[in-house]
Amino acid sequence: MLPLLLLLLLLAARGPPPCAADTPTPASWEPPADAPWCPYKLLPEDPEASGAARLCFRTAMRGFRCEEPGCKAHTSAGGMLRASVLRNRSVLVQWRLPPGRARRLRSLLLECSWRGAYTRFPCERVLLGTSCRDYLLPEVHEGVRYRLCLQPLPVHSQRGIDDIPPPECVEFVAEPGGMRDIVVAMTAVGGSICVMLVVICLLVAYITENLMHPSFGRPGLRRQP
């Protein structure tokens, strides 16, 4: 009994294994309740173009849930970037940073591009503050493959350090859900109109046959005087 008790005391003194302490808890997509305003700048689509970017502010999207069929979520390979494509062709981009990493960053660069037949074309470039956790793309085109990349930018004194992660990228295609609904609705309305026209034609034919041309009876035999 005494050796077993000593073994239990030794195990308790050693604590949990190192792998359990090093495993980070993934951050939530939901921004904290006390999240500050998100400052951002819309940059020119061409990185070499000149022009002053206007500073804007937005609030975080709280309580958002991507539920099908009105929304479809696409997550990057690293699991840190997510694009929720809504039915109205807008896209909510969300990201999460490991604890403590935001303090070592200067800003975040979100770049959007779409694939053409032979090359890729830029669609939007946004410089976001480290307090930002989401951004809304107002509209994307149906049937086009988009790529969104989020690049963390370190502070000047820490540029080139090894713990700065590579950009997180996610690709998606906006399905033509709205157009499909319009086509279905137009087909249903067209079918109803066709049925109504057939009924009207049959009614006109019946009226023409029975009211416009009254039937005459067969002539009777005349009485002889």
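The entries cover the sheets, the core and the disulfides in turn.

**Basis.** I worked from a predicted model, in which local features need pLDDT of at least 70 and side-chain atom pairs count only at pLDDT 80 or more, while totals for chains, interfaces and linings use all residues. Residues are numbered from 1 along each chain as its sequence is written, and side-chain values use heavy atoms, with hydrogens and water left out.

Entry 1: I took strands as DSSP runs (E, at least two residues), numbered from the N terminus. I counted two strands as paired if DSSP finds at least two bridges between them. Six strands make an open, antiparallel sheet, and their order is 2-1-7-6-9-10. Strand 2 (55-58) and strand 10 (168-173) are at the edges with a single partner strand each, so one side of each has no neighbour in the sheet. From one strand to the next the twist averages 25°; the axes are lines fitted to C-alpha atoms, and angles run from 0 to 180 degrees between N-to-C directions. I then looked at strand 1 (residues 38-43), which runs antiparallel to strand 2 and is joined to it by four bridges. Within this pair, K41 stands opposite L55 of strand 2.

Entry 2: Five bridges connect strand 3 with strand 4, and the two run antiparallel. I noted S84 in strand 4 as the bridge partner of A73.

Entry 3: Buried stands for under 20% relative accessible area, exposed for over 50% and partly exposed for values in between (1.4 Å probe, protein chains only). This core has 27 residues, and those touching the most other members are V91, V93, W95, L128, Y135, L148 and F172. Strands that each supply at least two core residues include strand 5 (91-95), strand 7 (120-128) and strand 9 (145-154). Strand 6 gives the most, with four residues. I also listed contacts (heavy atoms within 4.5 Å) for V93: leaving out residues up to four places away in sequence, its partners include L81, L110, Y135 and L148.

**Entry 4: the disulfides.** I found four disulfides, each a pair of cysteine sulfur atoms within 2.5 Å. With the bonded cysteines numbered in sequence order, the pairing is 1-6, 2-3, 4-5, 7-8.

- C38 and C132 are joined with an S to S distance of 1.9 Å. This link is right-handed, with 100° about the S-S bond. C38 lies in strand 1 and C132 in the loop between strand 7 and strand 8, 94 residues apart. Both C38 and C132 are buried.
- C112 and C123 are joined at 2.0 Å, S to S. The torsion about their S-S bond is about -105°, so this disulfide is left-handed.
- C149 and C169 have sulfur atoms 2.1 Å apart. Their torsion is about 115°, so the disulfide is right-handed. C149 is buried at 16% relative accessible area, whereas C169 is partly exposed at 32%.

How values were computed: A nonpolar core is a set of buried Ala, Val, Leu, Ile, Met, Phe, Trp, Tyr and Cys residues joined through side-chain atoms within 4.5 Å.
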